[in-house]
Amino acid sequence: MERILQNNLTYTRYEYSLEKEFEQIVIEQATHIFGHKAVYVDIKKKIGKSIVTIPDGYLIDFTFPSDPKLYIIEIELASHDLRKHIAPQLMSFALGYKASGRKIKQFILEHLSAEQKKMVVINEGISKGGHRNIDALLEHIIFEKPVATIVIIDHISQDLEDILSQFTMSTDILEFQTFKHGQDCIYKFTPFNADLREISESKNATIDINELNTVVVAAREDGFEKEFMGNEQWFAIRIHSSMLDKIRYIAAYQVAPISAITHYAEVASIERWNDTNKYILKFKAAPIKVKPIPLDNSKKGLAPQAPRYTSIDKLKKAKSMGQVF
């Protein structure tokens, strides 16, 4: 079992026995998990008619000020039978969401009307997004945007990945774990849209988040030659649901010994890759070679370990990786 050592104290992973207990911790840590530009709506209300389900909550996310998004939240324990529990829940969300749009809008409005701190974030999002008021905002994110889901779970398993691959709706997975020493807790998690939030929430960002349209991937020599160059595609990429309709280009960072971005291609389509919750990007034409954009010797942590996002204009002008991100 995993352990965390801090200040000579050993913290052991805590196994939740009750989903309600796990859910309460997630709610308490919602700002850390989702960021200051998102509002967690902690309400449990039935949605659907012929198929009734009760989401654990909703998230209104303003990571992209001009394109806010509503997510259905599902909080689960990995110890539960995921195929009997989470699969029916997600199916019910997909079937009942649009039919219950008016009901969802009503109880979100009722919840927010009593939450002044949340309304500060909402009003800022309304102002930056150009919506007339909260009514217009909710109309947009509920009725004009496709449904998306965030699953928060204490352990990501292959079984969960297999289940989510069966659904057409976009789903992000967040792993949230608790480690304890006595009554002291340490929480281990990857924040929602972490890399995007670094841009959105930074006062020193060198790029407007609304300009992001390019995903940069790390490629080894054999995969680069066979897939990126030969088959004009790249697959098994995990992409944030909020980025799926924004990606127009893909760039290849060739790992050591090259250690540089060398090519980019225009994206023709983004599709689910096999039976997974990952994606395959197919190119419109052969990749275009650019003057190699190398790592900065003076800066660390720039080499993409996972997909990273930038704009094609910024990439074309860059002389080094520090100017790409």
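## Pockets, a cavity and aromatic pairs

The second largest pocket in this predicted model has a volume of about 320 Å³, where a pocket is an open set of points on a 1 Å grid over the protein atoms alone, with protein on both sides within 12 Å along at least five of seven lines. Such a volume is the space filled by probe spheres set on the points, and grid points are joined across faces, edges and corners. Because this is a predicted model, local features need pLDDT of at least 70 and side-chain atom pairs count only at pLDDT 80 or more, while totals for chains, interfaces and linings use all residues. Residues are numbered from 1 along each chain as its sequence is written, and side-chain values use heavy atoms, with hydrogens and water left out.

- By class, the lining of the second largest pocket holds seven nonpolar, four polar and five charged residues; Ala, Val, Leu, Ile, Met, Phe, Trp, Tyr, Cys and Pro count as nonpolar, Asp, Glu, Lys and Arg as charged, and the others, Gly among them, as polar.
- The largest pocket holds about 970 Å³ of space and is lined by 41 residues, of which Asn-193, Ala-194, Asp-195, His-240 and Pro-307 lie nearest its centre.
- Strand β7 gives the most to the lining of the largest pocket, with six residues, and this lining divides into 20 nonpolar, 12 polar and nine charged residues.

**The cavity**

- There is one cavity of 30 Å³ or more, a cavity being a set of points where a 1.4 Å probe fits but cannot get out.
- The largest cavity has a volume of about 40 Å³, and its lining is made up of Arg-13, Tyr-14, Glu-15, Tyr-16, Asp-154, Phe-176, Gln-177 and Thr-178.
- Strand β7 (residues 170–181) gives the most to the lining of this cavity, with three residues.

**Aromatic rings**

- The count comes to 14 aromatic pairs, in which rings of Phe, Tyr and Trp (its six-membered ring) have centres within 6.5 Å, with planes under 30 degrees apart counted as stacked, over 60 as edge-to-face and the rest as tilted.
- The rings of Phe-22 and Phe-176 have centres 6.3 Å apart and planes at 55°, so this pair is tilted.
- This pair links distant parts of the chain, with Phe-22 in helix α1 and Phe-176 in strand β7, 154 residues apart.
- Tyr-14, Tyr-16, Phe-22, Phe-176, Tyr-187 and Phe-189 form one aromatic cluster.

**Gln-254**

- Gln-254 is found in strand β11 (residues 249–254) and counts as buried, because its relative accessibility is 8%.

Conventions:
1 Å grid on protein atoms, 1.4 Å probe; cavity = no way out; pocket = protein on both sides within 12 Å on 5 of 7 lines; lining within 4 Å. Helix = DSSP H or I, 4+ residues; strand = E, 2+ residues; numbered from the N terminus. Buried < 20%, exposed > 50% of the residue type's maximum accessible area, 1.4 Å probe, protein only.
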